[in-house]
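I opened this notebook to record what I looked up in one structure. The entries follow the order in which I took up each topic.

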Amino acid sequence: MEGLFVILTPLIAFLIILAFGRKIGDLGSGILASVAAGLTTIFSLVVTLKAIHNPIHIKLYNFLPIDNYTLQIGFYFDSLSSIMTLVVTFVATLIFIYSIGYMKDEFGTWTFKFYAYLSLFLFAMLLIVLSDNLLGIFFGWEGVGLASYLLIGYYHKQKKATNASFEAFVMNRIGDWLFIFGIIYTFYLFGTLDIVDIFAKVESVDKYALGIATMLLFGGAVGKSGQFPLHTWLPNAMAGPTPVSALLHAATMVAAGVYMVARLYPVFEATPQTLKLIVVIGAVTMTMAALAGAVHSDIKKIIAFSTMSQLGYMFVALGVGDEGGAMFHLTTHAFFKALLFLSAGAVITAFHHHLYDIFKMGGLKKYMPVSYVAFMIGALSLAGVVPFSGFWSKDRIIASMYEWSGVLGVIGTIVAFITAYYSFREGFLVFHGQERWREHYGKEVKEVEGVMTVPMGLLGFVTVLSGIFGLWLEHWYVGVIGGEEKGIHLSVAVVSLGVAVLGIWLAYAVYVKEVIDYRKAYGALKAIHTTFKEQFFTEKLYHNILAGGYMQASRYSFKFIDRGIIDGFINALYKNFFSFVRFLWKNLDIKIIDLIIHESVLTAFRVGKISRQLQTGLLNHYILFLTIGVVVILGIMLYILDRL
Amino acid sequence: MSFEFPFISVSIAIPIVFSFLILLFKEKFAKYIALLGTGLTFLVSVIALTWFDFSKTDVVQFYEEYTILKELGVKLSLGADGLSLLMYILTTLVSLVAVIWSIGDEKIKTRLKEYYIAFLLTESFVIGVFTTFDLIVFYVFYELTLLPMLFVIGIWGYKLRLYSAYKFFVYIFISSLFLLLGIASLSVFHFKEKGNFTFNYFELLNLNIPNGFEIFLFLLFFIAFAVKTPIVPFHTWLPDAHGEAPTAGSVVLAAILLKMGTYALVRFNIGLFPEAATTLAPYLVALGIYSIIMASWMTISQTNIKRFVAYSSVSHMGFVVTAMFLLTMEGLRASVIEMFAHGLTSAGLFMVAGFVYNRLHTFNFSSLRGAIKFMPLFATITAAIAFAAMGLPGGSSFWGKFLTVVAAREYSTALALVVIVAAFFSGAYVLYFMKTLYLDVREEGILMHFRDVNGYALMAFLMIVIPVILVGFVPFIFFAFYEGVIEHLLKYILKLPF
C-alpha cells in the first residue's frame, strides 16, 4: 500500500493546491507541497527497504484493450526504481523547501500555482520511475514535459522565459513522438507493454527490428535529456526560477532519459547498434556542452551545460555497457547538481534577480559563506576530486570508457579536464576576486535565510558523506541494481584526478591570479569563443532557419494555396457565374425571351379575349412540372444503368 | 423488453415542440425554454444510454419505422447502434452546452426567439442525421441542418457574416447535390436488381454493385462528405464560417455538424461500398495526411483566433479520415474516438475564443497576448482543453492519435513515421496558441481587471472539460460504445481476415 501512497501523495497535493490554493495562500501552499514531498520520501524509504530484494508489483485496473492484450495500470518497485524514487523524492523535498525561500519575493502574485506545478512535476516523474508498463512511462514522460513547460515559463513577464518554455516543449514533443513510436514498435515486437514481460522475451524477437525500436525509444531520451541534436532547449530553460532548474537538472526531467534507458536496459543490451549510437550521441553532447560551459557567462547556463555534459557521460556509460556506473553517476550527480543550483540560486536571490553575469560578480565569499562552501563542495564533486562523491562515479565511467576504446577514454579525460576548469572558473569568478558587482548593484548583499541554507547544508552533507564512503557505496549500489562489479582502476583514477586538479589550477591562475588578462584573451579568440558559446550554431539553425522557415512556409501556403488558389477559384467561379448569368439575362432574357413573351402575352391577350374559360392555378403547374422532372431524372438513371 | 420507449423519435420531437413553445411565449423566456428543451433531450439521451444493451452494440436498438411514401419505399426508420448512440449523446451534450453558453453570452442580445429556435431545430435535425437508417430521410435531415446554421451565421455573426453564410451554404448545398445523385442512383440500381424501390440502409447493404459503378457511387457520396468534414482542398468554407459565426454557432458547427461528414463516411461510404473503400483507401489515407499537414501549417499563421481553431479542426478531421481509411480495428477505433474527442475539444476551444472576445472585444491574436493569465481558472480550463486537443496523454485526443500510429504501423513503418510527423505539426500550433494566450508578455495595465470565468460560461466549460478528462483516463468506456459496430463492419462487410 505504501507504494500507492508514494505515487498519490504529490498528486493529491497538486489537486489540493490547484483547487484551494487561493484560500491556503502562497506560503501555505509551499508548506503543503513540501510536506507532501517529505511524506512521499518517507513512504518511498519504507517501500525501498521492502522492495530492494523482493520486487513489489502493484496492479491497479484494466485500462485499454489493444490487439489481444489488455493494458493494466500498475507500478513496479524493484531495486532500481525504488532507489531512484528515494533519490528523486529526497532531492525534490529539499528543493521544495528551498523554493519557499526563493519565491518569497513573488508572494502575492498567485505563487501557489508554482507549488502546484512542482507537485505535478514530482508526480509525473514518479510515474516515469515506477510505472510497470511503457505507456505509463509515457504518461509520466508527457506529464513532466507539461509541468516543465509551465515552470520554465513561470516568469511570464519575460519574453525569454516564455520562448524558452515554448522551445522546451516543442523539442520535447519531437522526442516524445519518437518515444511513442518506439513504444508502439516494441508493442508489435513483444505483444505486450509490460516491462517485466518484455524482459522475459528479449531473446525471442528479431534483433534488427528490436534495434529500430530501441533507437526510437532512445530518441525520446535524447529529447528529454537534452542530448544533441535536441539540446538547445536545456540551456534556455534556465530562464525559469532556480528551484525549477535544480529540480529539472538534479533528479527529474533530464534524468528521466537516462533512467528510462537504464530501466529498459535488458532490451537495449540486446541491440549493439543502438548502444553504439548512444555512445556517439553521448560523447558528442558531453564535449560540445563542456566547451559551451567553458565560455558562457550566465551563472545558471554554465551549470546547465555541465548537466548536459554529465548526462552525456551517463549515456556513454550506458552505451559502453556500464549501466551501474550510469545510475550511480545519476545519483551522485543529483545531489551535487542540486547543490550547485541551490547555491547559484542563493547568489541570484542575494542580488534580487538583478545580476546573472558571472563577470559582474566576484568576491562574494565573505558575504555568503554558506553558499560559498556549498558551491565549492558541489564544484569539487563535479570536477571529480577525491573524496567527493563525483569522483567515484565519474572515475568509474571513465574507466569503462577506456575499456571500450582508448579514443573514447581520452575524450572522457579531456572533458573531465574542461569540466574542472569551467566549474571552478564560475566558482572563482563569483566568490573570489574583486567585488565587481558594486558597479552594477547598488545595495549590499547578505547571506540568504535559513529556509534556503538548511537544504543546501543537508545536500552538501550528503555529498560529502557519500564521497567519504564512496567506494563502499558504489559497491553496494551497483550490486543492488545488478550492474557489473568493477574494481578501482588506479591509473585511470590518478589520471582523472590529475586533470581535475590541473583544470582547477588553470581556472585559479587565469581568474584569481590573473596571469593573463582573460578579457583580452576573449577578444583574441572571438571566433572560437562564439562557436563554442553558440554550441556550433545549432541554436541559430533551429530558431532562424527551421522554426522561422516553418512560420514563413505557413504564411505563404495560407496566402497562396488557401487564399490564392482555392478561394481564388471559388471566388472566380462565383464572379464569372454572375457575369455569365447577367450576360444570359441581358441577351437571352431581355432580347429573346422577353420579346417572345411580350409577343406571346400580346397574342395571349388577343386569344384570351376569346378563351377566358381555360384558367389554371399556379400550384398545379408546379406539381406537374416537378412530377415531369422526377420522371425524367429517374428515366435517365434507368437508361444509364441499363447501358452499364 | 416487451415495451420499447421510442427514445429516438422523442428526442427528435422534444426540440421541435420546445421551439414552438418559444414562439408562443415572450422573448425573455426564450432562453429558459431552450435550456429546458435541450436539457430534457440530454436527459432522454442519458436514460437511453442506461437502457442500451452494450453487449450487442452492432445491433440497431430502439428501432422505429414509419412509412412515408409507400411507392418509393421511403420509411422514417430511426434507431441507434453503438456508433449512432455515441454521436447522439455528443449531439445532445453539445447542444445543451451551446444553449448554456448562449445564455451567458453578451453578444447575443437581439432576436432571441429566432436564435434559440435555430439551435433547437439544429439539434433535432442532427439527431435525425445520426439515427436514421433511411437514405432519403438522412438526406433530408442533412440538408435541413444547413438552414438554421445559415441564419445563425448570417444574423448573429460578426463582420463578414453574409459572405461567410453564403459561402457556407453554397459549398455544402452544391456538394450535397452529389449526395442526392448518389442516393438516387443507388436506389435505382436496387430497383433494377431486386425490382423494388428502397432507401433502407440494411436492404441496400446486400447489393452486389459492379466495381466501376461502386467507385463512381463512392465518389459521389465522398464529395459531399468531404466538403462537410472538411478535407483539404474542400475546406475553405470552414474558417470563414467559423470565423464569423457567433460562439455557440461555432461550437455546434465544429462539434457536431462536422461529425455528420465523418459519421457518414464510416456509415455509408465504408458500409455501403466496401470494395470501393478498400480500393481507394490508400489515396484517401494520403489525402487525410495531406489534410493534417496542410491544415497544421495554415493554422499557425492565422491572426484571428477563431480561424485558428477552425483550421485546427481541419487538421483534426484529417486524423479522423486518415485513421478511418486505414480500415483496421485500431484505425476505426481511433477515428471514432477522435471524432468524439474533437467534438469536445473544438467546442471548448471555440468557447475559449468567445470568452476572450467577450472580455477584450477582439479576435486578433496579437492583441490577445498573455490575456488569459489574469484569469487563473479560465487559464486552467484553457490549458486542459488545449493540451487535450494537442494529444497529451490524459486528454481526449491522445487515444485518437496514439491508435492512429498503431494502425499505421500495421501497414508500414514509413507510414507511421509520416503520421508521427503530422502529429508533431498538429501539436506545434497548440503550443503556439498557449504561448500567445498564456505566456506572452502583456504590458497594458488596464487589462489586469479581467473577470474570471463564472456563471453559465463556467458551467458550459465544465460540461466540456469533464468528458475530455474522462476520455483521457478511462477511454475503454467510450470504446465499448462502438467496438461491436466496427468489428461487425470489418468482419462481415469489409470481410477482412481477423
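The entries below cover the model, the core, a helix pair, the chain contact and some backbone angles.

**The model.** I noted that this is a predicted model, in which local features need pLDDT of at least 70, side-chain atom pairs count only at pLDDT 80 or more, and totals for chains, interfaces and linings use all residues. Residues are numbered from 1 along each chain as its sequence is written, while chains are lettered from A and ligands numbered from 1 in the order in which they are written.

**The core.** I looked up the largest nonpolar core and found 415 residues in it. Such a core is a set of buried Ala, Val, Leu, Ile, Met, Phe, Trp, Tyr and Cys residues joined through C-beta atoms within 7 Å. A residue is buried if 20 or more other C-beta atoms lie within 10 Å of its own, exposed if 12 or fewer, and partly exposed in between, with C-beta atoms placed from the backbone. Val91(A), Ala338(A) and Val251(B) have the most contacts inside this core. Not counting residues up to four places away in sequence, Val251(B) touches Trp101(B) and Phe350(B), among others; contact requires C-beta atoms, placed from the backbone, within 7 Å.

**The chain contact.** I recorded 38 residues from chain B and 41 residues from chain A in the contact between them. Helix 17 of chain B gives the largest share of the chain B side, 9 residues. Helices (H or I, at least four residues) and strands (E, at least two) are DSSP runs, numbered from the N terminus. The chain B side divides into 27 nonpolar, 6 polar and 5 charged residues. Here Ala, Val, Leu, Ile, Met, Phe, Trp, Tyr, Cys and Pro count as nonpolar, Asp, Glu, Lys and Arg as charged, and the others, Gly among them, as polar.

**Backbone angles.** I first noted that most residues other than glycine have a negative phi, and most peptide bonds are trans. A cis peptide bond joins Phe228(A) and Pro229(A), with omega about 5°; Pro229(A) is in the loop between helix 8 and helix 9 of chain A. Another cis bond joins Thr229(B) and Pro230(B), where omega is about -15°. Which phi does Phe62(B) have? Phe62(B), not a glycine, has a positive phi of about 55°, and its place is in strand 1 of chain B. I found Phe62(B) buried, with 23 other C-beta atoms within 10 Å.

Definitions and conventions:
Two residues are in contact if their C-beta atoms, placed from the backbone, lie within 7 Å.
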